[in-house]
Amino acid sequence: MADISVTVLAFAVAGTVSCILSLHLASAIMCYDCDVLPHQRDCTRVTKCGPDEECYGERVQTPDGLIKFRSGCIKTSKCYISIGLLPVIGKRSGDTTECSKCCNSSYCNLETCDKPYASNRKRCLSCKYAVRPDECSESIQCRDGEVCYSQTLIHNSERRYRLGCIHRQQCGINTISHVSVGIQQADEYCAQCCDGNNCNRDICGQRKVQHYKLITPPPLPFCRDNSTLTCAAKTTQCSQEYYKFYQCPFTCNQCKCSDLIVL
C-alpha cells in the first residue's frame with residue numbers, strides 16, 4: 001500500500017507541474033531583471049521571458065555579510081521541481097540564499113523576497129528613441145499624479161518612440177478609447193497615455209488596450225524639423241499635431257529654450 005501511495009502522489013505532483021508548465025507555454029510574460037541590488041524595487045530593467053519561463057526574485061547574503069537581491073526570468077520547471085512545489089533556484093558559489101520565489105504574471109517580481117514598500121506610485125517604461133514601444137527595457141517610478149505615455153518622433157530621419165511618465169492633466173482623461181490601434185504607417189503620428197504599471201509598452205502599437213490621448217507632450221529632448229524646406233512651407237499648419245509635434249517641432253515652436261540658442 002505504501003508503494004501505491006507514493007506512486008499516486010508522484011503522479012499527482014507530475015500532473016500539477018505539467019498543468020503549470022502548459023499554462024506558461026501559452027504566453028510569455030515580462031519580468032524585472034537585475035542582479036545584486038540593495039532592494040528589488042531598485043531594479044529598472046525589464047525583459048521578456050521565454051514561453052516556458054516565469055519571474056523570480058531572490059534574497060542572498062554574500063560572503064562578506066551583505067544582503068543583496070536578484071530578479072529575472074527562470075525556467076518554470078526549476079520553480080516546481082520539489083515535491084512540495086516550493087521554488088528551487090540555483091545560487092552562486094559563496095552566496096547564501098535566504099529567500100527565492102517565483103511568480104507567473106508580468107512585473108510580479110518587484111518585491112517577491114523584499115520587504116514591501118508602501119507606495120501608490122506606478123512604474124512606466126522610459127526610453128528616448130525606442131524603435132518600438134515593446135523594445136523599451138527601462139522602467140522608472142513615476143511621481144504622484146503621473147501616468148504612462150508613448151509618443152512617436154523623428155530621430156535621425158527615422159520614426160522612433162519615446163516613453164515615460166507624464167502628469168495625467170496633460171492627457172485627455174475624458175476621451176478614453178478601447179480601439180485597436182492597428183499597424184501604423186511610417187508617416188503617422190501617435191501620442192497616447194495609459195494608466196497602469198508599464199502599460200506604455202502596449203500603446204502606440206498593435207494591441208487593443210485602454211488609452212487616453214496625450215494632449216500636451218513633454219518638451220522634445222532634441223528638437224529639429226524633419227525637413228527644413230517642407231516645414232517652411234507648412235507654418236500655417238502648426239495647429240495640426242502631425243506637423244506641430246512630429247514633422248516640424250522647431251518651426252512650430254515646440255523646442256526648449258536651450259534648443260533655440262545658436263552659438
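**Close-up views of aromatic residues and nonpolar cores**

**View 1. Tyr242 is partly exposed, its relative accessible area being 26%.** The model shown is predicted. Tyr243, in contrast, has a relative accessibility of 13%, so this residue counts as buried, the cut-off being under 20%.

**View 2. Five aromatic pairs are present in the structure.** In one of them, the ring centres of Tyr189 and Tyr246 lie 5.9 Å apart and the planes meet at 45 degrees, so this pair is classed as tilted. Distant parts of the chain are linked by the pair: Tyr189 belongs to the loop between β12 (171–177) and β13 (191–194), whereas Tyr246 lies in helix α4 (residues 241–247), 57 residues apart. Tyr189 and Tyr246 are both buried. Another pair, formed by Tyr242 and Tyr243, is edge-to-face, with 5.0 Å from centre to centre and 85 degrees between the planes.

**View 3. One aromatic cluster comprises Tyr189, Tyr242, Tyr243, Phe245 and Tyr246.** Both members of the tilted pair, Tyr189 and Tyr246, and both members of the edge-to-face pair, Tyr242 and Tyr243, belong to this cluster.

**View 4. The largest nonpolar core consists of 15 residues.** Tyr32, Val46, Ala130, Cys136 and Leu163 have the most contacts inside this core. At least two core residues come from each of β1 (30–32), β8 (127–130) and β11 (158–167). Beyond its neighbours within four places in sequence, Cys136 contacts Val46, Leu125, Ser126, Cys127, Ala130 and Leu163.

Technical notes:
Residues numbered from 1 in each chain as written. Predicted model: local features only at pLDDT ≥ 70, side-chain atom pairs only at ≥ 80, totals over all residues. Heavy atoms only, no water. Phe/Tyr/Trp six-rings, centres within 6.5 Å; stacked < 30°, edge-to-face > 60°. Helix = DSSP H or I, 4+ residues; strand = E, 2+ residues; numbered from the N terminus. Buried < 20%, exposed > 50% of the residue type's maximum accessible area, 1.4 Å probe, protein only. Core = buried A, V, L, I, M, F, W, Y, C linked by side-chain atoms within 4.5 Å. Contact = heavy atoms within 4.5 Å.
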